[in-house]
Amino acid sequence: MQPTNPQTTNNNPSSISRSFRIATWLGWQIESNWTDPFLFAIYSIIKPLAGAVILVVMYSVITSGDFADPIFTYIYLGNAFYLYVGAVMSGISWAVLDDREHYKTLKYIYVAPINIPAYFIGRGVAKFLVGSISVFITIIFGVLFLHVDVDPATINWPLFLISLVIGIVMLAMMGLILAGISLLIVNHVWFIGDAVAGALFLFSGAIFPLEILPVWLRPIGYIIPISYWLELLRRSLVGEVAEAFPTFQNLSNPQLIGILLGLTIIFGIIARFLFRYCEHVAQERGLIDMVTNY
Amino acid sequence: MRLSRKAIQVSNNPFPLPQVFPPQNDAKQLGVERLHKNSGWRLFLQTVIARAYPRIIGQQREKSWLFFDILLPLLSVCAFVFVYKAINAPEDYIGFVVIGGAMTAFWMNVLWSMSSQLYWEKEQGNLALFIITPTSMMAILLGMALGGLLATTLRALVIILLGSLFFNVQYAVTSFAQLFAVFIFTMIALYGLGMMSASLYLLLSREAWHISSLAQEPIYLFSGFYFPIKNFSFWISAAASIIPLTLGLDAMRQLVFKSGPSLGFLSVQVEIIILFILSIVFLIAAKLMLAHMEKLAIREGRLTENRR
């Protein structure tokens, strides 16, 4: 009888799908069952809303509450959608630390018949769902109370949905890259997701146009896919606001989608090979079950 | 004198712990003196130093933590500075962000390394050991506070230095004595608050993580880390003043920036008095709450509880 090859078994579509589904369910339980649903809902809303209100107050103090200016909508929407970056990217990489250092289950997950990348991406889905609620609430709050000019009738829905889906896939691939790197770094590297998300927040033009950055820093913004993603989301929701800023004025919507898609594919290829490499090195060095008690 | 094999083993022991010795008479027979043990205020002081030690020395051993503890607030500072630049804010507001960003390091330290610390200790099984040692829990908390304060002050200074250099912040200090008093009382009150909340966390389990996480952005907002709190209504600012950083930041802005006094919530003198009162109140409350919560946690069996 031929022995079963676990690698092949775990790479078939049904295994990938099963690993993803179970990890999603597990992630949701971990995220939400520490309290009752009401408190969890409050928690999920207050934190992102407070972050948004900091920017609103800063803007209001300087402009005496001139919320009609396009820069306000630019800042507000960029900040709202950036919640996805922290949620998806950090969510996936955080699962490595959570399972290895906190629950000490990573070694058991590695001996189980599951697809590991699909498992980690699945673990990030719970944070994506919580993040989606936060993004939705933040935008609704802005529309109702702060004159953020998002009108459902004028939204370019196909562009919005295509951009959102490609962007989420791109963030998942970036999360997988961080998850691979997290496998190699011990001493409880809680900061890796936050550091990358913080750096991208600064360079992607999420809360200010890239022209505000010093000239020598702007090229970083142009190679980050999140910059293009946020521009597409702004164009789909509030086209006239996006036109008021010159950053990507020379690029049409299909061109932006093409760039975003291309960068997503590149990140996907890097994620696949880098994760596999990091996983191999981690197994060789005995880091899969490393607990540092930090 | 000829020693028995057991005596040779004991006297060669590089770590002569007192519990390995039999009663004192036997110890004398073995030619080994009993280890001196401190008590009273000496033990208190010894505990404070012992608990502060890993906070200061331990961080030197993990250089990456040091780097990222400075980098993360600095990234936020840069982002908020560019927002102010995008909306053409006056130059002093950029200084407000740099000072506010540096002070976030203290809030993060109090939140994650003071308030939540007893929860982490419980998770790792150290809390029960702390409780059964013949020393004061207040001394342990005070050691954590002093160690954390010193280490965080160094980081905050680096953030201020780098932020000021990057963005060419201009300072106009009106009184160094008042600035020193504001900083000292803010820190005593803040770490007193941290010690007080640490006792509350004795009763918490998994929710401790989420509560700490929830206390970040809302406090940044209401304490006015990036803008003067005078822009809120009086009662919101007054309520926010229960967090010592609110008044501390407001007073610091008034003392180090030209436009500060016109944007202050209360006068610096009044803020110093309130911070002094808060310092005393939080330290006394920390002692009382710790004693109460420790008893409650023992009675309810939560000291060794581990619900991940």
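Read along the sequence, chain A runs α-α-α-α-α-α-α-α-α-α-α-α. That pattern is 12 helices and 0 strands.

Some housekeeping. This is a predicted model, where local features need pLDDT of at least 70, side-chain atom pairs count only at pLDDT 80 or more, and totals for chains, interfaces and linings use all residues. Residues are numbered from 1 along each chain as its sequence is written, while chains are lettered from A and ligands numbered from 1 in the order in which they are written.

Overall shape next. The radius of gyration of chain A is 20 Å, close to the 19 Å from the globule rule for 294 residues, so chain A is as compact as a globular protein of that length. The radius is taken over C-alpha atoms, and the rule is 2.2 Å times the number of residues to the power 0.38. Along its principal axes, the C-alpha trace of chain A spans about 70 × 45 × 35 Å.

Now burial. In chain A, 43% of the 294 residues are buried. Buried means 20 or more other C-beta atoms within 10 Å of a residue's own, exposed means 12 or fewer, and partly exposed is in between, with C-beta atoms placed from the backbone. Take A:S32, in helix α2 (residues 13–32) of chain A. A:S32 has 17 C-beta neighbours inside 10 Å, so A:S32 counts as partly exposed.

On to contacts, meaning C-beta atoms, placed from the backbone, within 7 Å. Among chain A contacts between residues at least 6 apart in sequence, 85% join residues at least 24 apart.

The core. A nonpolar core is a set of buried Ala, Val, Leu, Ile, Met, Phe, Trp, Tyr and Cys residues joined through C-beta atoms within 7 Å. The largest one has 167 residues, and those touching the most other members include A:Y84, A:L176 and B:V83. Helix α4 (residues 70–102) of chain A gives the largest share of this core, 19 residues. Look at B:V83: beyond its neighbours within four places in sequence, B:V83 contacts A:L55, A:M58, A:I75, A:I207 and A:F208.

Finally, the interface. 28 residues of chain B contact 34 residues of chain A. On the chain B side, α4 (63–86), α10 (207–214) and α11 (217–222) each supply at least two residues. α4(B) gives the most, with 12 residues. By class, that side has 18 nonpolar, 4 polar and 6 charged residues. Nonpolar covers Ala, Val, Leu, Ile, Met, Phe, Trp, Tyr, Cys and Pro; charged covers Asp, Glu, Lys and Arg; the others, Gly among them, are polar.

Terms used: Helix = DSSP H or I, 4+ residues; strand = E, 2+ residues; numbered from the N terminus. Contact = placed C-beta atoms within 7 Å.
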